[in-house]
Amino acid sequence: MSRLQELAVRRLAPVLATLRELGELFEAEGHQLALVGGPVRDAFLGRDLTDVDLTTSARPDQTEALLTAWGATTWDIGRAFGTIGGRRHGVQVEITTYRADAYDRQTRKPQVSFGDSLEEDLRRRDFTVNAMALRLPQLEFVDPYDGLAALAARMLDTPATPQESFADDPLRMMRAARFTAQLDFELAPRVREAMTEAAAHLAMVSAERVRDELVKLLLAPDPVKGLRVLTETGLAQVVLPELPALQLEVDEHHHHKDVYEHSLTVLQQAIALEGPRSVDGLGPVTPVPRPDLTLRLAALLHDIGKPATRRFESGGGVSFHHHEMVGAGLTRKRMRALRFAKEEIKDVTRLVELHLRFHGYGGGEWTDSAVRRYVTDAGPLLSRLHLLTRADCTTRNRRKAAMLARTYGDLEVRIASLLEREKLDAVRPELDGNQIAQVLGIAPGPVLGRAYKHLLAYRLDQGEVGEDAAAQELRRWWSEQPESSG
């Protein structure tokens, strides 16, 4: 065993006893068993072990019987694909029978068939760095496709030809982009070429599977690297066409930024702001945890309304009026198409819609009323809006960047002061629904709802004025409504 292999085995120390025990159990019954794929790759990379994936010559029924005899709690949710799961002494394993699938390349559904050799099973895997194994219990390293050499070169290649691999499962192209972001790999030239040729085939993969890969990419340490791969190979045209659409031609006078590069920079800057941070005058503030999918999606998509709203002005300038509202609509449409959860769609869309609001703040001219509205409109997204707004400053002018940072810091201090005085995170009108009905002599219904909204707006504009003043304002408003004369 080489020195590198010895180090990899040490990484597996927390589960090594379990792996040897299982290997001996399967071997005693005449079956082969091997640790395979991600756990082997990650052991060589020095990454923490998250999954224990094993492959075996045993058929699913035999695997289940052996795990049960071993004393494991088992489940068979993946039985149709040859996978049996088990848990014992806090260690969870998934054991899959050697596979030798054939694929229906129209629908991408595999016709599951079981194989008889580890080498055959490894050949059907996505990338050579995932086609390495450790035979158990003897810990024999198996690497028929030079995955270790590819790992050392940080190169992503396929065991079979990339054309064959991607035809079997086009989602592997998304996975390639994700691994560049997650593991800082590069694509082998033949892999990049095959992805570019086959990008359109990704359309046959379900939206849910594509979304899950996109989410993993966005939550990776360097999502920008993966997003560039998506754009450069044409995959983004299928997954997220709004992203390559940001590559607007720059006018000859350079009156607007490269929106694509700007958006990627904003994403990078937003990521850098995740986690603990402090603000001058406040000290430590509520952090946005790292990684945060909502913030990262909003940062990436915040300007996708610009292509549709770009106008060349007569004086030579370029405008993007209301691009935040158009962008919010496009964000909602794309996230729905990718089957994101309703709450995720709502939150990301709201951030896109609000990302320009701060630019009306100027040098601090907002009234307390305007600050209250900023806080209440952001609601529970306020911490993320703080980071998105700060990240959206990509000017190379250091003086201007410093001024914007100071100004936003001033706004955060004002917000904190108002929150402390007025509890704006739970702001309500000073009269509740029952009181409003009593003052106006009306029953619950749409009119009462309108009255409530008016008093909420009044509360935001005026701050706390007391119930008597609120009732007086309510009567004034009511006198101007057509229903009051009835």
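1. The structure holds 5 aromatic pairs; rings of Phe, Tyr and Trp (its six-membered ring) count as a pair if their centres lie within 6.5 Å, with planes under 30 degrees apart called stacked, over 60 edge-to-face and the rest tilted. One of them joins Phe-127 and Phe-179, with ring centres 5.9 Å apart and planes at 85°, so this pair is edge-to-face. Phe-127 belongs to the loop between helix H5 (118-123) and strand S8 (133-136), and Phe-179 to helix H8 (residues 171-183), so the pair ties together parts 52 residues apart in sequence. Helices (H or I, at least four residues) and strands (E, at least two) are DSSP runs, numbered from the N terminus.

2. This is a predicted model, in which local features need pLDDT of at least 70 and side-chain atom pairs count only at pLDDT 80 or more, while totals for chains, interfaces and linings use all residues. Residues are numbered from 1 along each chain as its sequence is written, and side-chain values use heavy atoms, with hydrogens and water left out.

3. Both Phe-127 and Phe-179 are buried, a term for under 20% relative accessible area, against over 50% for exposed and partly exposed in between (1.4 Å probe, protein chains only). Arg-178 lies over the face of Phe-179, at 4.8 Å from the ring centre. A charge sits over a ring if NZ of Lys or CZ of Arg is within 6 Å of the ring centre and within 35 degrees of the ring normal.

4. Phe-358 and Tyr-408 form another edge-to-face pair, 4.7 Å centre to centre with 70° between the planes. Phe-358 is in the loop between helix H17 (342-354) and helix H18 (368-378), and Tyr-408 is in helix H20 (residues 398-422), 50 residues apart. Both residues are buried.

5. In helix H4 (residues 60-70), the buried residues are Pro-60, Thr-63, Leu-66, Leu-67 and Trp-70. They cover an arc of only 125° around the axis, which puts them on the same side of H4; the arc is that of the directions from the helix axis to the C-beta atoms. Asp-61 and Ala-69 are exposed on the face turned away from that buried side. Just after H4, Gly-71 has a positive phi of about 100°.

6. S3 and S4 pair in the antiparallel sense over 4 bridges; pairing requires that DSSP finds at least two bridges between two strands. Thr-73 has Arg-87 in S4 as its bridge partner. The two strands form a hairpin with 4 residues between them, and Gly-82 in the turn has a positive phi of about 85°.
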